[in-house]
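Here are my notes on the model, as numbered points. Please read them with the coordinates open.

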Amino acid sequence: MSDVVEAGIINCDACPVLCRIREGRSGACDRYANTGGTLTRVDPLVVVQAIKEKDGKLIPFLSTDREWDGAVVSNSPTFITGIGASTTYPDYKPAPFIVAAEHDGVDMVTVVTEGIFSYCGVKVKIDTDRFLGPEQSTVRAGGEAVGHVTTSEYGSQMLSIGGVHHLTGGSKKEGKLTCDTMLALCNKQAVELTIDNGATVVVQAGQAPIVNGTVEERMRVGCGSATIGMFAKQWFGLVEEVVVVDDHITGLLSEHKAGRYLGIEDSGAVIRGRRSTLGRYFQVAEPGTGWGGTNITDPLSILDPFNPKVAKPGHRLLMVSTTGEHAGYYVLDQDLKPVEAEMPAAVAATVERIRENCEAALCSVVFIAGAGGSLRAGVTENPVKLTRSVKDSLTLVTSGGAPVYVWPGGGITYMVDVLRMPDHSFGAVPTPALVAPIEFTMRLDDYRALGGHMDAVVRLEQVINQDRRKSVQWDPDNPWPMLKRNYKWGDDT
């Protein structure tokens, strides 16, 4: 890993920065230190463990309400993660740990490393109706561009953070802040982002977003049309008309198919906007942080005068947003103008039902990286065979022991939900690039067949007894990486 270049100084070759580290000091990444003249990975190697029941079923190591000192439990199923494993970057030699162990009568091997990724990014899903910014708008952290707004999904707005363009294609400051932002997001920390021509939002994996200082509580139950479909029966007989205000599709009950199905008559209400199909209207207002993700604060502003040939004084109108956060009850006067009135309890109950059906608003952070480059050379002398083995479901890819989704197509491009990984799984190097754990697990025979570094294989017992090691509780929501059903050859078991 290193060469002593002069007394007391070590050249670290863990990344292209090649820090010269003095005795007792650490390198620029704080991941490696000079300890008594030896280059040492500072963080402990993380292993996950589970206890095996008599019937062979894996269970969590300990219940979450108990403290645990992190000691390794002998004879318990153990999996070595890439967290703290160190790296071989650039991968001109075998991965730091290539660990063999028997599981359920099968000789398995796990190749463990810390990948250094420039070609990587973070996808952030923010559950909110509130408008965060136009698509393609620049997302900034500390004033620097670190990503952009991408397409909205149902009830959520999506951001793309990072990528090689921001990491290396701009100024040095842009690259550093991009790397810092991704590192914080992946390590489950809060980050404040600003969007050009849009909002300021505080994002943290697993927590509610904070948009312009307001904590978001609910994800919308559906668009305006879907909301009418879900609750039309509950409004029947209580009101003559319902308008569900939504930035995407605003719904009109009496015209909607659900209203027609119930036999609800035309109320004479007229929506300002572009009618898509019966009871479904686009572009009723501009996007914003008001009613239903629009910029309106007065819902009546999206209505034209009621049709006097149809509407009648005394008709009752409910206007509501797709989260139930905004709602108003109106009665038509003698001039057929809606006048706000106290909402009857039965109508208020339907609004509460909308709220009840909204899921809690959360931020989700997914790390995405391409492991199809030189990283494969740390696994095998013939890298393309690793790619084919992954595609053939002979090799399982995990990140910190957590399951990943491998994209179709070339290479090994994978995504992982950071909430399923142990805390502090990610690091960074000042090139700048993110450091993420990655593990490749397969049968030992399959590893030999793909040209693996068999001379570097060690047994599990040799690894877990080293001093620089930390055990963490296995997340019971994650499948155990060595289960036969994870592999093509285990399909029938």
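1. A cut-off comes first: a residue is partly exposed when its relative accessible area falls between the buried limit, under 20%, and the exposed limit, over 50%. S393 has a relative accessible area of 34%, so S393 is partly exposed. Keep in mind that this is a predicted model.

2. Stay with S393 for its backbone. S393 is not a glycine, yet its phi is positive, about 60 degrees. The residue sits in the loop between α6 (383–391) and β30 (396–399). Most residues other than glycine have a negative phi.

3. N197 also deserves a look. Its phi is positive, about 60 degrees, and N197 is not a glycine. The loop between β16 (191–195) and β17 (200–203) holds N197. Is N197 buried or exposed? Its relative accessibility is 71%, so N197 counts as exposed.

4. T431 and P432 are joined in cis, with omega about -5 degrees. P432 belongs to the loop between β34 (427–429) and β35 (433–443). Most peptide bonds are trans.

5. Now the open sheet. It has 11 strands, paired antiparallel, in the order β19-β18-β17-β16-β13-β14-β15-β12-β29-β33-β32. Which strands stand at the edges? They are β19 (214–215) and β32 (405–406); each has a single partner strand, so one side of each has no neighbour in the sheet.

6. Within this sheet, look at β13 and β14. Strand β13 (residues 138–141) pairs with strand β14 (residues 144–149) in the antiparallel sense, over four bridges. A141 stands opposite E144 in β14. Helix α2 (residues 172–186) packs on the sheet. Among the strands that α2 touches are β12 (120–127), β13, β14, β15 (156–162) and β29 (363–370). The direction of α2 makes about 55 degrees with that of β14.

7. Aromatic pairs come next. The count is eight. In one of them, the ring centres of F117 and Y414 lie 6.3 Å apart with planes at 70 degrees, so the pair is edge-to-face. F117 lies in strand β11 and Y414 in strand β33 (residues 413–417), so this pair ties together parts 297 residues apart in sequence. Both residues are buried: F117 has a relative accessible area of 4%, and Y414 has 0%.

8. Y405 and W407 form another pair. Their ring centres are 6.3 Å apart and the planes stand at 70 degrees, so this pair is edge-to-face. Y405 is partly exposed, at 45% relative accessible area. W407 is partly exposed too, at 38%.

9. Which residues do ring pairs link into a cluster? They are F117, F367, Y414 and F426.

10. Two arginines lie over tyrosine rings. R220 has its charged end over the ring of Y154, 4.7 Å from the centre. R41 lies over the face of Y32, 5.7 Å from the ring centre.

11. Last, T113. This residue is found in strand β11 (residues 106–117). T113 has 5% relative accessibility, so it counts as buried. Leaving aside residues up to four places away in sequence, T113 touches G82, A85, S86, T87, T88, A95, P96, L375, A436, P437 and I438.

Note on methods: Residues are numbered from 1 along each chain as its sequence is written. This is a predicted model: local features need pLDDT of at least 70, side-chain atom pairs count only at pLDDT 80 or more; totals for chains, interfaces and linings use all residues. Side-chain values use heavy atoms; hydrogens and water are left out. Helices (H or I, at least four residues) and strands (E, at least two) are DSSP runs, numbered from the N terminus. Buried means under 20% relative accessible area, exposed over 50%, partly exposed in between (1.4 Å probe, protein chains only). Contact means heavy atoms within 4.5 Å. Rings of Phe, Tyr and Trp (its six-membered ring) pair if their centres lie within 6.5 Å; planes under 30 degrees apart count as stacked, over 60 as edge-to-face and the rest as tilted. A charge sits over a ring if NZ of Lys or CZ of Arg is within 6 Å of the ring centre and within 35 degrees of the ring normal. Two strands pair if DSSP finds at least two bridges between them. Axes are lines fitted to C-alpha atoms, for helices over the stretch in contact, and angles run from 0 to 180 degrees between N-to-C directions.
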